[in-house]
Each structure stands twice: as structure tokens, then as C-alpha cells.
Amino acid sequence: TQHSVVKMVVDDCNVSAFSFARFALGALIASPFTPGIGSMTGDRILDSGMVDTQKDMDEENALVWKWGIEMGLWMFLGYAFQAIG
């Protein structure tokens, strides 16, 4: 399982460095799917036919980033504490 593999790796290297490398790789792989990057080209048409302005998209993207960063922080802390102890 993942826990036993992590324990074996942690015996050979620093926990912080391993956690950073693992999460950095995950962030790099997920980066093409980040909200806001693809929608910075202008307005978009909603299913209802209304135009969603750039301001609305910026507010939506800011909220997504806020919650995503918080969720990522909690997941990182849970993983790091599990790997340490």
C-alpha cells in the first residue's frame, strides 16, 4: 500500500523533501487544468444565452483558488503527519 512505500522511502531520505517533491510533481501534472488560465481570453456564453463577463469569471476563479489552496494545505498536512508518525 501507499503507507508502506512511504515508510520505506522516508527511511532513506528527508520527509519534507520527499513530500515537497511528490506534491510539486502532482501540481505540475495538474497545472493545465487550473481554473482561470483557459478562461482569461474574454467573455463566455452561458447555457442560458447570457454573457458571463470577465469580472464574474475573475470572482469565480478567485473563490475556486481560495478553496483549492485550503484543501491542498489540509491534504498536505495530513499526508506529512502520516508519513512522519
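Modeller: Here is a short talk through the fold and the surface.
Modeller: This is a predicted model, where local features need pLDDT of at least 70, side-chain atom pairs count only at pLDDT 80 or more, and totals for chains, interfaces and linings use all residues. Residues are numbered from 1 along each chain as its sequence is written, and side-chain values use heavy atoms, with hydrogens and water left out.

Biologist: Thanks! What pattern does the chain follow along the sequence?
Modeller: The pattern is α-α-β-β-α, with three helices and two strands. Helices (H or I, at least four residues) and strands (E, at least two) are DSSP runs, numbered from the N terminus.

Biologist: Which residues make the nonpolar surface patch?
Modeller: Phe 23, Met 71, Met 75 and Phe 76 make a patch of about 380 Å². Patches take residues with over 30% relative accessible area and no salt bridge, joining like charges within 9 Å and nonpolar side chains (Val, Leu, Ile, Met, Phe, Trp, Tyr) within 5 Å. A salt bridge is a side-chain nitrogen of Lys or Arg within 4 Å of a carboxyl oxygen of Asp or Glu. Areas come from the Shrake-Rupley method with a 1.4 Å probe, and for residues only the protein chains shown count as cover.

Biologist: And which helix gives the most to that nonpolar patch?
Modeller: Helix 3 (residues 54-84), with three residues. Phe 23 lies in helix 2 (residues 15-30).

Biologist: Switching topic, why does Val 64 count as partly exposed?
Modeller: Because its relative accessibility is 39%; buried means under 20%, exposed over 50%, and partly exposed in between (1.4 Å probe, protein chains only). Val 64 sits in helix 3.
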